[in-house]
Amino acid sequence: MIQPTKIDVDRDKGNFRYETDYQYDAGVGLREEVVQYISEVKGEDEWIRDYRLKALDTFFRKPMPTHWATKDLENIHFDKIRYYLAKGQQPSRTWEDVPDDVKQTFERLGIPEQERKFLAGVEAQFDSEAAYSRMKVELEKEGVIFVGSSDGLKDHPEIFRKWFGKVIPASDNKFSALNAAVFSGGSFIYVPPGVKLAQPLQAYFRINAENFGQFERTLIIADEGAELTYMEGCTAPKFETATLHSAVVELVAMPGAKIQYITVQNWSNNVFNLVTKRAMAHEESEVRWIDCNIGSRLTMKYPGVILKGRKARGEVLSIALANDGQHQDTGAKMVHAADETTSNIIAKSISIGKGRSSYRGLVQIPGHLRNCRNNTECDALLINANSRTDTYPAITVRGNGNAVQHEASVSKLNAEQIFYMRQRGLTESDAVSLSVNGFVNDLIREFPMEYSVELKRLIDMEMEGSVG
Amino acid sequence: MNYLEIKDLRAQIEDKEILQGLNLTIPKGEVHAIMGPNGSGKSTLSKVLAGHEDYEVSSGSALLDGKEILGMEPDAISRLGLFLAFQYPLEVPGVSIANFIRAALQGRLAENETLDAVGYYKDLYARMDELGIDRKFTSRSVNEGFSGGEKKRCEILQMAMLKPKYCILDETDSGLDIDALKIVAKGVNQMRNPDRGILVITHYQRLLEYIVPDKVHVMWEGGIALTGDKELALELEAKGYDWVREELVA
Ligand SMILES: Nc1ncnc2c1ncn2[C@@H]1O[C@H](COP(=O)(O)OP(=O)(O)OP(=O)(O)O)[C@@H](O)[C@H]1O
Ligand SMILES: [Mg+2]
């Protein structure tokens with residue numbers, strides 16, 4: 001096997017757990033008082049508290065989307081979940097300030113190593129509150145803001161309020177409403193006009209409390225001509241009961257800006273991961289979502305770009321790996337709303353054992369627009385005979401001056417190919433891993449080096465024990 | 001001990017017995033050739049020896065330097081030192097030749113050992129040059145979009161890199177142009193040495209002019225019907241397999 005030894009992030013499925021005492025605990029279940037409590041603990045202004053309460057109302061009123069999505073959603077017991085837990089101290093900037101038990105977790109995740117190597121700033125979330133965050137002095141000098149969402153709200157209300165909930169309104173869907181009601185944690189990033197960040201910004205976070213839902217909220221604004229890459233990675237400990245994770249990520253790319261948002265996610269098998277991610281792309285801006293989903297019980301995630309300005313470009317590159325007992329329901333959404341906008345979707349999925357992966361795409365190009373283009377490719381690889389995949393592309397393209405290209409393929413792992421590889425001395429699981437890596441290779445090549453190595457390793461780990 | 005020794009091998013697929021009590025011994029240091037009509041079981045023999053799970057072995061043994069390989073996993077047989085150049089090499093999409101061979105070599109090392117990358121590429125490029133394979137091929141996916149001849153050369157490249165104890169070449173000459181045939185033959189001849197046994201399966205006497213065999217066997221209905229020296233190949237070419245049938249009846 002090719003040994004991806006360069007990087008030192010320990011993501012061995014995250015089936016470890018540390019004891020942690022929580023200073024703030026909103027208790028079990030979802031009620032108005034819970035939302036009030038969260039808002040109070042965070043010392044929030046009235047407008048945001050009202051926003052939360054209104055969102056809660058929306059959440060209660062909206063039905064579960066089981067008319068199009070899986071019935072498994074009905075197995076989320078909202079009344080058994082803790083909506084807020086926090087250790088209480090302020091986010092700290094230096095490694096020394098971080099409490100020991102938290103440090104222990106981060107050490108297992110390999111964060112200090114990472115930081116030395118290539119991080120420009122680290123904003124890591126431990127349960128609800130950012131416990132450790134740091135920024136390089138150069139970033140601050142350039143006016144870049146990289147803080148937790150609560151701090152963004154408090155310290156930069158003039159930017160925060162202008163964009164918060166504008167790309168994804170609370171009422172977008174049931175889970176965006178839930179997030180709007182109880183959100184805590186996540187990042188707030190603002191990059192001023194013309195500032196191009198050479199180094200990616202990173203956030204690590206994980207869930208570490210049973211029955212505890214994590215509802216982080218991320219808002220990123222790249223002002224005119226600004227450029228940034230944001231990386232998000234997760235591991236979660238293994239628990240008996242289901243854990244809900246429902247994030248909302250909003251990106252705003254002002255004219256000429258470039259945002260690349262990278263996620264490599266590796267949830268444990270009991271996590272419901274229901275995430276809304278969307279970007280607003282203004283004139284001549286570019287937004288690229290790189291989204292890798294491994295693990296979880298159910299993931300529903302369709303990163304989207306609203307191509308609002310002329311010549312805006314949106315891209316979603318995604319890899320989903322569904323193992324036994326997992327359902328990856330992922331895809332992309334491209335809403336063309338200006339002339340000469342282009343979008344590109346490449347989605348690859350791998351289903352192992354009884355794993356199931358679904359691709360759901362939505363591409364809209366209204367008839368009055370000119371010279372818009374979309375390219376969609378989705379490829380599925382089935383490892384075992386009982387693996388499953390399905391595709392639901394919805395492409396609405398009107399008007400003559402617009403072009404779409406759609407390709408889809410389903411392939412099965414070929415037994416003769418595995419025999420061929422084994423004849424060269426590769427073990428069965430190495431042969432399968434290598435084949436799977438080969439399947440996603442052309443896509444992974446587009447990713448930053450560090451992430452491609454890590455992703456390959458994650459795939460290798462998932463493939464272990466999947467054969468034979 | 002220095003033999004690949006096959007005794008009374010019987011193997012079937014889907015209730016059809018293909019190998020019907022085959023006996024064959026290939027000593028280290030020798031090159032043997034097998035010729036035989038289509039469907040006589042030549043590829044079946046090579047796949048059974050390589051541990052293909054679709055074939056059911058009902059009796060017999062195959063000893064590689066004294067160790068039974070029947071029933072072993074394909075990768076274990078490979079690591080023990082048996083290499084099969086496939087009649088129809090398979091594509092491995094997205095996996096480059098360089099990474100594939102490297103993974104195969106890495107798999108032969110102990111868990112805490114890593115292959116020396118510099119030495120590896122040096123060796124790889126040297127072998128590629130010998131086989132007239134353009135260096136651009138290292139980054140191409142294994143066999144994907146290769147011409148028939150390119151696939152066969154790639155098989156020999158892998159063989160040269162893995163340095164097995166026993167090699168089986170299943171119709172490696174099919175699909176090669178005249179120049180490629182000479183190059184591949186040269187590659188195989190370079191691998192001839194006292195520590196390696198080679199079995200070439202071919203339909204054409206021409207290959208055996210370049211790779212001169214120590215022995216020629218004729219396979220017939222799942223067994224070795226005739227064995228001779230290199231002249232037997234000439235005789236076969238002249239007289240055809242009907243002659244073998246007559247010999248067998250007689
Ligand atoms: N999967 C299979 N199912 C049924 N029969 C099979 C299968 N594989 C091989 N056979 C049969 O076994 C017999 C021997 O096949 P094999 O490929 O070993 O022949 P060969 O000697 O290599 O022929 P050629 O010279 O054409 O390569 C043939 O009759 C073939 O049809
Ligand atoms: Mg054959």
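A contact means that heavy atoms of two residues lie within 4.5 Å. The model shown in these views is predicted.

View 1. Take the contacts in chain A between residues at least 6 apart in sequence: 84% of them join residues at least 24 apart. Chain A has 468 residues, and 64% of them count as buried. Its secondary structure comes to 11 helices and 23 strands. Chain A exposes about 17200 Å². Carbon and sulfur atoms supply 46% of that area.

**View 2. The magnesium ion (ligand 2) and its protein donors in chain B.** Two residues supply the donor atoms: B:Ser43 through OG and B:Gln87 through OE1.

View 3. B:Pro27 belongs to strand β2 (residues 16-27) of chain B. B:Pro27 counts as buried because its relative accessibility is 15%, and buried means under 20%. Leaving out residues up to four places away in sequence, B:Pro27 touches B:Asn2, B:Tyr3, B:His32 and B:Gly197. B:Ile198 is 171 residues from B:Pro27 in sequence. In space, the C-alpha atoms of B:Pro27 and B:Ile198 are 8.6 Å apart.

Notes
Residues are numbered from 1 along each chain as its sequence is written. Chains are lettered from A and ligands numbered from 1 in the order in which they are written. This is a predicted model: local features need pLDDT of at least 70, side-chain atom pairs count only at pLDDT 80 or more; totals for chains, interfaces and linings use all residues. Side-chain values use heavy atoms; hydrogens and water are left out. Donors are N, O and S atoms within 2.8 Å of the metal (3.2 Å for Na, K and Ca); water is not among the atoms, so sites may look incomplete. Helices (H or I, at least four residues) and strands (E, at least two) are DSSP runs, numbered from the N terminus. Buried means under 20% relative accessible area, exposed over 50%, partly exposed in between (1.4 Å probe, protein chains only). Accessible areas come from the Shrake-Rupley method with a 1.4 Å probe; for residues, only the protein chains shown count as cover.
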